[in-house]
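Visitor: I have a model open and would like to learn how to read it. Please take me through some features, one by one.

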Amino acid sequence: MSNESLANLLKEERRFAPPAELAAAANVTADAYAQASQDRLGFWAEQARRLSWAVEPTETLDWSNPPFAKWFADGTLNVAYNCVDRHVEAGQGDRVAIHFEGEPGDSRALTYAQLKDEVSQAANALLELGVAKGDRVAIYLPMIPEAVVAMLACARIGAAHSVVFGGFSADAVASRIQDADAKLVITADGGYRRGKPSALKPAIDEALTKVDGVEHVLVVRRTGQDTAFTEGRDLWWHETVGRQSVEHTPEAHEAEQPLFILYTSGTTGKPKGILHTSGGYLTQAAYTHHAVFDLKPESDVYWCTADIGWVTGHSYIVYGPLANGATQVIYEGTPDTPHQGRFWEIVQKYGVTILYTAPTAIRTFMKWGDDIPAKFDLSSLRVLGSVGEPINPEAWVWYREHIGGGRTPIVDTWWQTETGAMMISPLPGVTETKPGSAQTPLPGIGATVVDDNGTEVPNGSGGYLVLTEPWPSMLRTIWGDDQRYLDTYWSRFEGRYFAGDGAKKDEDGDIWLLGRVDDVMLVSGHNISTTEVESALVGHPAVAESAVVGATDATTGQAIVAFVILRGTATDSAELIADLRNHVGKTLGPIAKPKQIKVVTELPKTRSGKIMRRLLRDIAEGREVGDTTTLADATVMNLIQSQLPGNS
Ligand code: WT7
């Protein structure tokens, strides 16, 4: 982190008190912090009682074999029952669970009673296809209600889902199917993106030429486009699920039953399969959704704009909101289809009261202009959330003014795929907010900032963010690789979870997140590892070597800048650069396409052969190059700079 960014944060002195009306009726008040700090485990045991257990747990946390946690281990529950059936049993069957808005403008409302029928049918179909408790199911779907139904059907029968983001390529899908050893894939013919049907099924067909073990592919018909079927393997969802009974009795599963695996990029090697289990995960997803958004299920209309392929979609579209009986909006498409006011049109149409989105989207809306949201009635909004990366104070203030009408609190929620649920965030009825800061560990959560030696830093200083206590929705391990779980998160600081983020405590002790400390880039809120992009580039026949860095970008947070050394046979040309970008897009997905590719003849390396990315980042960000003393050949930076156009 540069000193400049620290200085900018320190200058931020705007403060926003919670609205009096919201504070007076808030779900959670200031005493939750005191209560949780006096008896942390008692606090979480109490939160677990928001759920309906078949067998109530008597043990809260088993930490006898750290860092392998068990929460509520002697309890049993059914996650899907908690998200669906119990609301119907409580007389809320007619409440809308999902207002679905398709990109082309089609819409559909699903009540809790209808959701219960669809989830039961899907569960029966999975059983008929031979999926059993403990199996894994890969889900590769657009943002349509069937995605939610498929996830809940897995949860209902005790199979773990592994949702793969629909923007990922066949190779990325194949490696995830293989690592999780999935038996069934649930996909669609396609989904609507940017005004056109975009195919999904061909990527599955290609992926399945590379991996074994998948017995069936269940295909949702969304776009109606021509779709190749493999006889005996592929089945239409509407046929196979549609003919099932709507009766399915949910069996109770152990609290530690695996609920899902979700892959996240690492700095080195293959993506990590983050494993989440049932009781603790659902407890924290439900509690944080209730506390941080102040959700009133009878009156609120909630909308999280994330894709179901990311953890935000898991915890704050599926599990948290549905466990809480919320009414929510799900939107299939892009924010500028057919016009740049689409989000605000949706807020107006459904009377959205709580909106949860990402800084990269907010910066895009700022770029599109204040006049666009101004054309719509956004007066229903009462709480706004942000997630995915640090939000710049200017974007925060714009969000509050132009979307929140200058009234709504903003909750900047820090968490990760690994944490499963929110960890650091203001509470809308309690916290005096500061633009750009996630501020306070939530009740029951221990987080602080430490220096290189693991010593807690004083207020006003920066270091690394660590989590000091186990939490209910923590990852249980990396799927199939306990050692990597230990090495990645628990070996940097003794007894503490290393989040991989830089952070700073201000004079009040509030936490400001400063981005990743390792080499994972954060592009539009998505983690992409430099290594994965480098590997993709080197996979192209023209490329000999490459080094990739994330350079600060006003819109996407970080932009991918690649330095490549070509093979002798290849020559630098605009066509080649375009070809390389497309190649990365095809290998990893469009989000991983480098914004810039610079052809050079050398890369800066240490004597042990490690690429010094920080020097390349200096170039990419137009700075004077930093300390080069550990380079094997110190002249190499001058050579590289002389080879870059416009960079003399
Ligand atoms: C990384 C986790 C949490 C779901 C989406 C991303 C960054 C996330 C914030 C925030 C500053 C944030 C961190 C974190 N991040 N939220 N409010 N302020 N940084 O999940 O892909 O697992 O990425 O996103 O760097 O470590 P993920």
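Visitor: In what order do the four strands of the open sheet lie?

Guide: Some ground rules before the strands. This is a predicted model, in which local features need pLDDT of at least 70, side-chain atom pairs count only at pLDDT 80 or more, and totals for chains, interfaces and linings use all residues. Residues are numbered from 1 along each chain as its sequence is written.

Guide: Now the general idea. Strands of a sheet pair through backbone hydrogen bonds, either parallel or antiparallel. Here, two strands pair if DSSP finds at least two bridges between them. Helices (H or I, at least four residues) and strands (E, at least two) are DSSP runs, numbered from the N terminus. In this case the order is β21-β22-β24-β25, with antiparallel pairing. The edges are β21 (447-450) and β25 (511-516), each of which pairs on one side only.

Visitor: By how much are neighbouring strands of this sheet turned against each other?

Guide: On average by 45°, direction ignored. Axes for such angles are lines fitted to C-alpha atoms, for helices over the stretch in contact, and the angles run from 0 to 180 degrees between N-to-C directions.

Visitor: How many bridges link β22 and β24?

Guide: Five bridges, in the antiparallel sense, join β22 (residues 462-467) to β24 (residues 497-505). Find valine 466: phenylalanine 498 of β24 stands opposite. Leucine 467 has tyrosine 497 in β24 as its bridge partner.

Visitor: And what lies on the β25 side of β24?

Guide: β24 and β25 pair over four bridges, again antiparallel. Aspartate 501 has arginine 516 in β25 as its bridge partner.

Visitor: Is β24 mostly covered or mostly open?

Guide: Count neighbours. A residue is buried if 20 or more other C-beta atoms lie within 10 Å of its own, exposed if 12 or fewer, and partly exposed in between, with C-beta atoms placed from the backbone. β24 is mostly covered, since seven of its nine residues are buried. Take tyrosine 497, which lies in this strand. Tyrosine 497 counts as buried because 26 other C-beta atoms lie within 10 Å.

Visitor: Which residues does tyrosine 497 touch?

Guide: Contact means that two C-beta atoms, placed from the backbone, lie within 7 Å. Leaving out residues up to four places away in sequence, tyrosine 497 touches Val466, Leu467, Tyr489 and Trp490. Tyrosine 497 and leucine 465 are 32 residues apart in sequence, yet 8.7 Å apart in space, C-alpha to C-alpha.

Visitor: Which residues of helix α17 are buried?

Guide: In α17 (residues 482-490) they are Tyr485, Thr488 and Tyr489. These three lie on the same side of α17 because they cover an arc of only 85° around the axis. That arc is taken from the directions from the helix axis to the C-beta atoms. The face turned away from the buried side carries the exposed residues Gln483 and Asp487. The buried residues of α17 pack against β23 (477-478) and β24.

Visitor: Which residues come nearest to the ligand?

Guide: A residue is near a molecule or strand if its C-beta atom, placed from the backbone, lies within 6 Å of it. There are 22 residues around the ligand, and Pro390, Trp414, Gln416, Thr417 and Leu513 come nearest. At least two residues of the shell come from each of α12 (311-323), β24 and β25. The largest share, three residues, is from β24.

Visitor: How does the shell divide into nonpolar, polar and charged?

Guide: Ala, Val, Leu, Ile, Met, Phe, Trp, Tyr, Cys and Pro count as nonpolar, Asp, Glu, Lys and Arg as charged, and the others, Gly among them, as polar. The shell holds 10 nonpolar, eight polar and four charged residues.

Visitor: Where is a cis peptide bond found?

Guide: Read omega. Proline 66 and proline 67 are joined by a cis bond, with omega about 0°. Proline 67 sits in the loop between β1 (61-65) and β2 (68-71).

Visitor: Is arginine 194 buried or exposed?

Guide: Arginine 194 is exposed, because it has 11 C-beta neighbours inside 10 Å. Its phi is positive, about 50°, although arginine 194 is not a glycine.
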